[in-house]
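Subject: Structure handover

Hello,

Here is the structure I promised to pass on. Please open it alongside this message.

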Amino acid sequence: MTPLLELQNVSVSIGSAQLLDGVSLRLERGQTLGLVGESGSGKSLTAMAAMGLLPLIGGHVSAGSVSFDGQDLASLTDPQRRALRGRRIGFVTQNPMTALDPVQRIGAQIDVVSRLHLGLTKSAARARTLDLLTQLRIPEAHAVAEAWPHQLSGGMKQRIVIAMALAGDPELIIADEPTTALDVTVQAQIIQILAALVREKGVALLLITHDMGVVAQICDRVAVLYAGRLAEEGAVAPIFAAPQHPYTKALITCIQQEGMARGTLRGIPGAVPSARQYPTGCRFHPRCIKATAECAAHTPPLVAKGDGQAACLHLPEPAL
Amino acid sequence: MTPPAPLRALRRPAGAPAGLWLILVILAAIAAPLLTPYAYDIQNLKSAYQPPSASHWLGTDEFGRDLLTRLIYGARTSLSVSSIAITISVLCGMTLGAAAAWFGGWFDRAVTTVVDLTWSFPEILIALILVAIIGPGTTGTMVAISVAYLAQFTRLTRAQIMTLKGETFIEAAASLGAGNAHILFRHLLPNALAPVLVSAMLATGDAIILEATLGFFGLGAQPPVPSWGGMMSAGSALVFKAPWIIIFPGLAVAITVVAINLYGDALIAELDIRARMRRAV
């Protein structure tokens, strides 16, 4: 079966900087794929590439291919790509505070998506909008539809953004750090809403996040990006049980757990290098506890591990 | 529901008297024939140079015409010429600015260069040159004023659209399949509108002064049609003999322009979408 979304060896450049280097991902229908990494690791670029929106930020796919439902995005015309966006792929942006047009009422902003993509009449679109708002557990849907964006809270705005993403009845939702800008209590609600969509509507979800805790809760598979390269990819349970890549392991130890002793919350020392000065060899080696001289000299290839893959020169031997 | 911003501006301490004055002047200009028993153009040399009195509240001019009548009819000329000129200017400026920001490239560079070039000259100079080309009169004044302020609105619209293009909601609209036209006309222009309209309001005040200046030079509305600038020009020779002839139109220009500025400021305070967002967060 063809996967719904497939990235094959995708590299992305903006100007002379190559920001994404040979990333491959697969997302099946009805699945949830978590895309994890620190800020600057290329998560959002991957999302933009999947939507064919790179020109908006002056970037382009310099190698590899992105295909949706077996169709190579590069082979489509502009109008065809536009017809995919919003109709078959819904997008939830990072910051709900600025994702809504400040001079249009909420309802009108959601209506327009189903009018454009599903060809609904004005009244049918509004009925659909109210229905969506109710599904997303927004109280007083009528009043909210008549409200202006500045009258709503952040969590409410993010639900509106999700409603806009859903209005075209998409098969895939790409959510780019949908909870980063929200309060902790609201974060959990939004994650539950997204998980429910996958469960109840069979929508596939590409969830971009830097929170391994969220991944553990709702994702089927996870892909870990570091400095524009795939560090590890595979099913969630085995990766959390036995992370192959030291970076994945470090990310998992960053999760706060119940009963943790004070002062044991771990961070990863250092920061993601900028695209103009990527280290040689394995890009993680300056921050890696396992790093040897070999790591600076050789780029580790992606090696199949179980049903996933990992890129590290010091992969643990399978314990057979 | 809160009333619209223009009404809310009327409730502000400076906006209230300013707004009322403007409403008064506009109503007077519209209802001019109903308000005064005199005609603005019939000369009566026997009653020339009369100071303000019960029958002529603001006195009469050198041809014995009632000054209040001419002032009210002059409001028609001044207000309509400046507001029509600014409307034309805003429409052309927004189109040019939006097109420049949207298409970018050589078109943007060409528009920006020409606009910056005109921007570096004082408005009065541009207006004088244009009136010299087109010829004096109401039409010439209108065209001259609208070209003189074109640079301002083009630059403002272009800058607004350039900033808005980077906003998340534009990316969000694109990610939901919105086309170029939809993004430009439904998202970018409506968001750029409020600041442009407020600046148009304030520019109308400047345009009244510019219209009066052209009138003072004898380049505006031609006699016997009254304009505030033309009346001041006639009165300037008679400052000592009949000072009211220049004082009252001068006051009319000054108070109206101050009122437009005060009301415009109140409107800025009420319309500022960003300020509203800050309050809501």
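Below is what I found, chain by chain and then at the contact.

Please bear in mind that this is a predicted model.

Chain A

The secondary structure of chain A consists of eleven helices and twelve strands. Its radius of gyration is 20 Å, close to the 20 Å that the globule rule gives for 320 residues, so chain A is as compact as a globular protein of that length. Along the principal axes, the C-alpha atoms occupy a box of roughly 65 × 50 × 35 Å. Of the 320 residues in chain A, 45% are buried. I also looked at sequence separation. Taking contacts in chain A between residues at least 6 apart in sequence, 64% link residues at least 24 apart.

Chain A against chain B

How many residues does each chain bring to the contact? Chain A gives 24 residues and chain B gives 17 residues. On the chain A side, helices H2 (78–84), H3 (106–118) and H6 (154–166) each supply at least two residues. H3(A) provides the largest share, three residues. By class, the side of chain A that touches chain B has 13 nonpolar, seven polar and four charged residues.

Helices of chain B

Start with H4(B), residues 67–103. At 1.5 Å a residue, its 37 residues should span 54 Å; the end C-alpha atoms of H4(B) are 53 Å apart, which agrees. Gly104(B) follows H4(B) and has a positive phi, near 65°.

H4(B) meets helix H7(B), residues 138–165. Their axes come within 6 Å and cross at roughly 35°. Is this crossing left-handed or right-handed? The crossing of H4(B) and H7(B) is right-handed. Sorted by class, the contact of these two helices has 21 nonpolar, nine polar and two charged residues.

Next is H8(B), residues 168–175. Seven of its eight residues are buried, so H8(B) is largely enclosed by the rest of the structure. Which residues of H8(B) are buried? They are Phe169(B), Ile170(B), Glu171(B), Ala172(B), Ala173(B), Ala174(B) and Ser175(B).

What do these buried residues of H8(B) pack against? Both chains take part. From chain A come helix H1 (43–51), strand S6 (89–92) and H6. From chain B come H7 and helix H9 (180–216). H6(A) also supplies at least two residues to the side of chain A that touches chain B. Just after H8(B), Gly177(B) takes a positive phi of about 90°.

Best regards

Note on methods. Residues are numbered from 1 along each chain as its sequence is written. Chains are lettered from A and ligands numbered from 1 in the order in which they are written. This is a predicted model: local features need pLDDT of at least 70, side-chain atom pairs count only at pLDDT 80 or more; totals for chains, interfaces and linings use all residues. Axes are lines fitted to C-alpha atoms, for helices over the stretch in contact, and angles run from 0 to 180 degrees between N-to-C directions. Helices (H or I, at least four residues) and strands (E, at least two) are DSSP runs, numbered from the N terminus. A crossing is left-handed if the near helix is turned anticlockwise from the far one by less than a right angle, and right-handed if clockwise. Ala, Val, Leu, Ile, Met, Phe, Trp, Tyr, Cys and Pro count as nonpolar, Asp, Glu, Lys and Arg as charged, and the others, Gly among them, as polar. The radius of gyration is taken over C-alpha atoms; the globule rule is 2.2 Å times the number of residues to the power 0.38. A residue is buried if 20 or more other C-beta atoms lie within 10 Å of its own, exposed if 12 or fewer, and partly exposed in between; C-beta atoms are placed from the backbone. Two residues are in contact if their C-beta atoms, placed from the backbone, lie within 7 Å. The expected span of a helix is 1.5 Å times one less than its number of residues.
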